[in-house]
Amino acid sequence: MSTAMPAWSLTENASLKALNTFHVDASAEQLLELHEPSLLPDVLALPQVAGTPLLVLGSGSNVLLADNVPGTVLVFANRTIEELEHRADHTVVRAGAGVNWHGLVMWSLQNGLSGLENLALIPGTVGASPIQNIGAYGVQVDEFIQAVDAWDRATNQWVRLDNEACAFGYRDSVFKREPDRYLITSVELRLPLLHDLRLGYAGIAEEMQAMGVELPVAADVANAVIAIRRRKLPDPDVLGNAGSFFKNPVLPLEQVEVLLQQFPDLPVYPADRDDRRKLSAGWMIEACGWKGFREGDAGVSAQHALVLVNHGSASGAELLALARRISASVLEKFGVPIEPEPRLIGAQW
Ligand code: FAD
Ligand code: EPU
């Protein structure tokens, strides 16, 4: 006897507390869970859904819900991983939008594939991974994305965007610039069987030495990244947060040189253009005295100054008010504007 899973379900007045890693207590007018993405045009045309505002959520690990969400929140629940093409040096993999990102990283390593090891333990879903072009420890996912399949709400048709069409940048893509236009149903990644491990980011080599690894393979790098992340970042299951709350600002080199005269210890990193540099927002926020700050239940992590935290029942509006105070103080001290990384829902920056 088969117990067929319904292709979709619609719940009215649904709590989003477990659907955002800040654990902000907000609700959605209705929550649409879709297991079978080919039905997307049909469910979007349902009378209860058509004409209502629409927001896609993965695991809610990069959003700040400043208010209750009107209309429909759509969650993709397609969680299959398929191998599309095997070659001597790579495999092409298609993963459903609802697949857990870290689960895909672990699956790839167990199947002898590499490339994603530096991106281990990033929370969230595969469907969200292209949105801000997730990155960590010297790697961004755009290096491995071959194509993204999506429903285009501007033209009402299925589209397949190749890597170039995604216009990836640091924490950026066409999807981030045109929010809510593309509903991503799956992502295709081209993963090498062997590649040069990326060990340059501060801390990875030291971590592996401490682990006693001499000739590292991709899985060792993933283990090192996991250990560093567990040490550095608060676990959202224990303390609500959305990872880095601000992007690291990218500034013209001349402006950075002037800043360095006044703040010689300010960490500076390469950016995607030679005439620009990326600065550490976390360092600047700590220098303004915010690390470990708490007012009510809204605060700044004592582990990492770039991470805003919800100690219990902070509202999205309270967290946002704190973020605005932090950015104003960084602007005043350093003359550098910093912008939120998570998407603000129900508010403008
Ligand atoms: P959500 O937060 O649910 O959504 C994020 C955005 O994507 C929203 O605009 C949403 O509408 C859109 N979206 C989601 N799914 C789809 C879809 N299928 N189609 C169209 N739009 C969609 N990020 C990094 O890059 N690097 C890190 O190292 C990192 N570390 C983190 C550590 C912690 C502890 C936390 C909590 C977060 C961290 N993040 C990091 C941020 C977050 O994990 C990523 O941005 C992740 O990709 C968000 O996935 P999600 O499924 O939770 O997306
Ligand atoms: N720093 C401080 N105080 C702090 C934290 C950091 O001074 O409390 C300074 C230190 O000098 C440290 C430097 O900032 O060496 C960099 O810190 P870290 O290595 O933690 O990196 P980050 O720039 O703060 C970025 C990403 C993270 C990603 C890490 C590792 C952004 C906005 N954040 O953080 O991504 O995991 O690098 O690659 O680019 C996220 O996007 O949510 C996220 C966690």
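On a 1 Å grid over the protein atoms alone, a pocket is an open set of points with protein on both sides within 12 Å along at least five of seven lines, and its lining residues have an atom within 4 Å of a point. The model is predicted, so local features need pLDDT of at least 70 and side-chain atom pairs pLDDT 80 or more, while totals for chains, interfaces and linings use all residues. Side-chain values use heavy atoms, without hydrogens and water; residues are numbered from 1 along each chain as its sequence is written, and ligands from 1 in the order in which they are written.

The second largest pocket has a volume of about 160 Å³, the volume being the space filled by probe spheres set on grid points joined across faces, edges and corners. Its lining includes Leu-109, Gly-112, Leu-193, His-195, Pro-216 and Ala-219. By class, the lining holds nine nonpolar, three polar and no charged residues. Here Ala, Val, Leu, Ile, Met, Phe, Trp, Tyr, Cys and Pro count as nonpolar, Asp, Glu, Lys and Arg as charged, and the others, Gly among them, as polar.

Ligand 1 is surrounded by 35 residues, each with a heavy atom within 4 Å. Val-56, Gly-58, Ser-61, Asn-62 and Thr-125 are the closest. An oxygen atom of ligand 1 lies 2.8 Å from a polar backbone atom of Pro-123. Alone, ligand 1 exposes 980 Å², of which the protein buries 94% (Shrake-Rupley method, 1.4 Å probe). Strand 3 (54-56), strand 8 (135-136), strand 12 (182-192) and strand 13 (240-244) each give two or more residues to this shell. Strands are DSSP runs of E of at least two residues, and helices runs of H or I of at least four, numbered from the N terminus. The shell comprises 18 nonpolar, 13 polar and four charged residues.

Around ligand 2 stand 23 residues, with Tyr-137, Tyr-170, Glu-286, His-304 and Glu-341 nearest. A polar backbone atom of Ser-244 is 2.8 Å from a ligand oxygen. The protein buries 83% of the 820 Å² that ligand 2 exposes when taken alone. Helix 5 (218-232), strand 13 and helix 7 (281-287) each supply at least two shell residues. Helix 7 gives the most, with three. This shell has 10 nonpolar, six polar and seven charged residues.

Note on methods. Polar contact = N/O pair within 3.5 Å; in protein donor to acceptor, adjacent residues only side chain to side chain. 1 Å grid on protein atoms, 1.4 Å probe; cavity = no way out; pocket = protein on both sides within 12 Å on 5 of 7 lines; lining within 4 Å.
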